[in-house]
Amino acid sequence: MPPSEPGLRPPAEPAPAPAAGPEPEARPEVPLRAALEAVLMVVDEPVTVARLAEVLERPKKLVAEALDGLAAEYDAQERGFELRFVAGGWRFYTRAVCAPVVDRFVLDGQQSRLTQAALETLAVIAYRQPVSRSRVSAVRGVNCDGVMRTLVQRGLVEESGTEPETGAFLYRTTHYFLERMGLRGLDELPELAPFLPEADDVEADSQEGSAITEAIAEAVAAVD
């Protein structure tokens, strides 16, 4: 090989190409309906169409259509569970006709139900929210502080800011309340008008409290 000229370097040899590693394994495509069932089996609260579409990486329209199809299919087959749209999202629920069987298995015949006082307090909050404790007590005619704490602990009621004039805490129902009542939204609560008495001599708050309680009791009975 002839000597290189002064000041010139021999051309560098090309670097060896990196060894090709194994190609990443393609993720198997799960059928949309099967994927929805798998996700909904593990959720503990209703899931929105938007969230499901994001997780499954599918268009929202297709997800919504698949959910409607699954719900109709379960109804037609009279399965022991149903897929329901409640509180802005979708979730599996025990079919109402099977509820007594589930109660016997899970609760051994003992059901934890709201007391009449708790039911009345919850009713007032549902129809008057956001509302302060003092206003609820005025409608019911008795102090409701203890009952309010119980409803908050059960996740049916939550704080919702304060009243500008007095600084008192305001309360509203939660998404869990809608879920337990089987409602899509508060607009599905029964109308109060049919429950209002026609007597003119009934005190306003008492009249309203009675009507609210009867209305919410009807909604609870429909769920049970």
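1. Helix 1 and helix 3. In this predicted model, the axes of helix 1 (residues 32-40) and helix 3 approach within 10 Å and cross at roughly 75°. Helix 1 is therefore roughly perpendicular to helix 3. On the side of helix 1, the contact involves Leu-32, Arg-33, Leu-36, Glu-37 and Leu-40; helix 3 contributes Leu-62, Val-63, Ala-66, Leu-67, Gly-69, Leu-70, Glu-73 and Tyr-74. Sorted by class, nine of these residues are nonpolar, one is polar and three are charged.

2. Helix 2 and helix 3. Helix 3 (residues 60-77) also meets helix 2 (residues 49-56), with axes that come within 9 Å and cross at roughly 115°. These two helices are therefore roughly perpendicular to each other. The crossing of helix 2 past helix 3 is right-handed. Val-49, Ala-50, Leu-52 and Ala-53 of helix 2 make this contact with Lys-60, Val-63, Ala-64 and Leu-67 of helix 3. The class count here is seven nonpolar residues, one charged residue and no polar ones.

3. Glu-57 sits in the loop that joins helix 2 to helix 3. Although Glu-57 is not a glycine, its phi is positive, at about 55°.

4. Strand 1, strand 2 and their loop. Ala-87 lies in the loop between strand 1 (81-86) and strand 2. Ala-87, too, has a positive phi of about 55° without being a glycine. Is Ala-87 buried or exposed? Its relative accessibility is 12%, so Ala-87 counts as buried, the limit being under 20%.

5. Phe-92. This residue belongs to strand 2 (residues 89-94). With a relative accessibility of 16%, Phe-92 counts as buried. Apart from residues up to four places away in sequence, Phe-92 touches Glu-37, Leu-40, Met-41, Tyr-74, Phe-81, Glu-82 and Leu-83. Among the residues of the contact between helix 1 and helix 3 are Glu-37, Leu-40 and Tyr-74. Phe-81 stands 11 residues from Phe-92 along the chain, and the C-alpha atoms of the two are separated by 6.6 Å.

6. Pro-130 is located in the loop between helix 5 (116-128) and strand 3 (131-132). The peptide bond that leads from Gln-129 to Pro-130 is cis, with omega near -10°. Most peptide bonds are trans. Ser-160, in strand 4 (residues 157-162), is 30 residues away from Pro-130 along the chain, yet their C-alpha atoms are separated by 6.7 Å. Beyond its neighbours within four places in sequence, Ser-160 is in contact with Pro-130, Leu-170, Tyr-171 and Arg-172.

7. The chain as a whole. The protein has nine helices and five strands. Read from the N terminus, the order of elements is α-α-α-β-β-α-α-β-α-α-β-β-α-α. Of the 224 residues, 30% are buried. Contacts between residues at least 6 apart in sequence include 52% that join residues at least 24 apart.

Technical notes. Residues numbered from 1 in each chain as written. Predicted model: local features only at pLDDT ≥ 70, side-chain atom pairs only at ≥ 80, totals over all residues. Heavy atoms only, no water. Helix = DSSP H or I, 4+ residues; strand = E, 2+ residues; numbered from the N terminus. Buried < 20%, exposed > 50% of the residue type's maximum accessible area, 1.4 Å probe, protein only. Contact = heavy atoms within 4.5 Å. Axes fitted to C-alpha atoms, helices over the stretch in contact; angles between N-to-C directions. Parallel < 35°, antiparallel > 145°, perpendicular 65-115°, else oblique. Left-handed = near helix turned anticlockwise from the far one by under 90°. Nonpolar A, V, L, I, M, F, W, Y, C, P; charged D, E, K, R; others polar.
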